[in-house]
Amino acid sequence: MSRPHGLLRAGYPYLRTLGMRRVTNFPADIAFAKNGDALILMRSEGGSSVRIWSVDDSEALSADLKGFGGYGTNEGQFVWPVQIIVDDAGDIFISDEATHKISRFNPDGEFVSRWGAYGDGEGEFDAPNGIAFDLDGNMVVVDSKNHRIQRYTPDGEYLGGFGEYGAGAGQFELPCGVHVDELGDVYVADWGNNRFQIFSADGEVKNVVGEAGSGPGQFNRPTGIAVDAHGDIYVADWGNDRVLMFNAEGQYIWSFSGDATLSRIARTYMLTNAVPNRLREMGDLEQEKRLRRPRSVRIDSEFRLFIPDYESYRVQIYQKEAIELDRTQYAEPLRNVTLEVT
């Protein structure tokens with residue numbers, strides 16, 4: 001799919017919420033199984049795991065497929081899992097910044113292998129964070145505390161990398177999320193520098209976007225990053241409790257601060273528990289819908305935006321509404337912008 005010449009942005013309405021406390025505690029990231037189900041990666045002491053969920057929020061799937069993993073350092077377990085991705089065959093990969101390893105599972109959630117070693121040399125990690133596949137099927141890994149990006153085969157063979165500590169273009173301070181788009185460009189959420197950077201496939205800087213703050217296009221510790229098929233960029237602005245959207249050129253477009261309603265499973269739970277109903281009636285429901293510390297952001301092939309609402313134990317979903325425009329429907333760049341549409 002090639003990118004359109006332009007877009008008519010019709011809106012980005014809230015769609016639904018998945019999960020609830022005790023069911024999707026501390027969701028850190030999301031990936032999508034081959035059948036479209038959501039794989040929700042949860043990160044909490046005593047409960048780090050993956051839960052398989054139907055995107056339409058009907059219910060978690062059958063008991064034998066509900067999830068896998070668990071808290072610990074043994075094979076198939078996690079301590080501080082960060083990101084989850086799925087390859088073309090359906091195999092699942094998860095980074096763990098505490099054990100400095102990448103774990104691999106088959107599509108049924110059965111442990112296959114893991115690799116990674118602590119250190120600062122080539123092919124070593126200090127808190128591996130974001131992971132993504134490049135166009136060749138190799139893995140791009142954010143080596144957060146070593147302030148760099150590394151590439152590996154899915155089996156853990158080191159292929160090279162780029163980046164170093166600093167605040168200049170091409171440098172990082174504790175980078176977090178990563179995304180590789182259909183052109184091969186690499187997008188990195190630069191947590192400590194309050195920005196994101198875009199690189200070519202070979203590590204050349206193409207754009208640097210953002211600064212510290214809470215205004216439009218500003219960040220307070222950006223974590224996750226994703227890019228859709230239109231080239232629009234989404235960044236989880238962790239410290240500002242929101243997700244920001246930019247176009248392919250890095251221009252600020254939109255902000256998501258949260259519009260959650262009760263998920264289907266949460267409504268079922270509430271109807272059988274009188275005390276939570278009383279407490280909810282006494283609460284500030286305006287604040288209940290807001291995002292709290294989102295760590296990641298994902299968008300699927302249907303342009304549904306998934307935001308793991310980390311400290312509210314749920315996932316908020318939005319639906320992009322945009323019409324693709326051809327050259328006859330979209331003017332060339334204007335020399336002097338004189339018209340503002342609000």
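Me: What is the mean pLDDT of the protein?
Reply: This is a predicted model; local features need pLDDT of at least 70, side-chain atom pairs count only at pLDDT 80 or more, and totals for chains, interfaces and linings use all residues. Residues are numbered from 1 along each chain as its sequence is written, and side-chain values use heavy atoms, with hydrogens and water left out. pLDDT is the predictor's confidence in each residue, from 0 to 100. Here 94% of residues reach 70 or more, and the mean is 91.

Me: What volume does the largest pocket have?
Reply: On a 1 Å grid over the protein atoms alone, a pocket is an open set of points with protein on both sides within 12 Å along at least five of seven lines. Points join across faces, edges and corners, and the volume is the space filled by probe spheres set on them. For the largest pocket that gives about 1300 Å³.

Me: Which residues are closest to the centre of the largest pocket?
Reply: Lining residues have an atom within 4 Å of a point. The largest pocket has 36 of them. Strands (DSSP E runs of at least two residues, numbered from the N terminus) giving two or more include β3 (27-32), β7 (81-86) and β15 (178-180). Closest to the centre are F32, V86, H179, V180 and I299.

Me: Which element gives the most to the lining of the largest cavity?
Reply: A cavity is a set of points where a 1.4 Å probe fits but cannot get out. The search finds one of 30 Å³ or more. β1 (6-11) and β26 (321-325) each supply at least two lining residues. With three residues, the top contributor is β1.

Me: Is Q150 buried or exposed?
Reply: Q150 sits in strand β13 (residues 148-152). Buried means under 20% relative accessible area, exposed over 50% (1.4 Å probe, protein chains only). At 1%, Q150 is therefore buried.

Me: Which side chain does a polar contact of 2.9 Å join to that of Q150?
Reply: A polar contact is a pair of N or O atoms within 3.5 Å; within protein, one must be able to donate a hydrogen and the other to accept it, and residues adjacent in sequence count only if both atoms are side-chain atoms. A polar atom of the Q150 side chain lies 3.1 Å from the backbone nitrogen of G123. The side-chain partner at 2.9 Å is D143.

Conventions
Helices (H or I, at least four residues) and strands (E, at least two) are DSSP runs, numbered from the N terminus.
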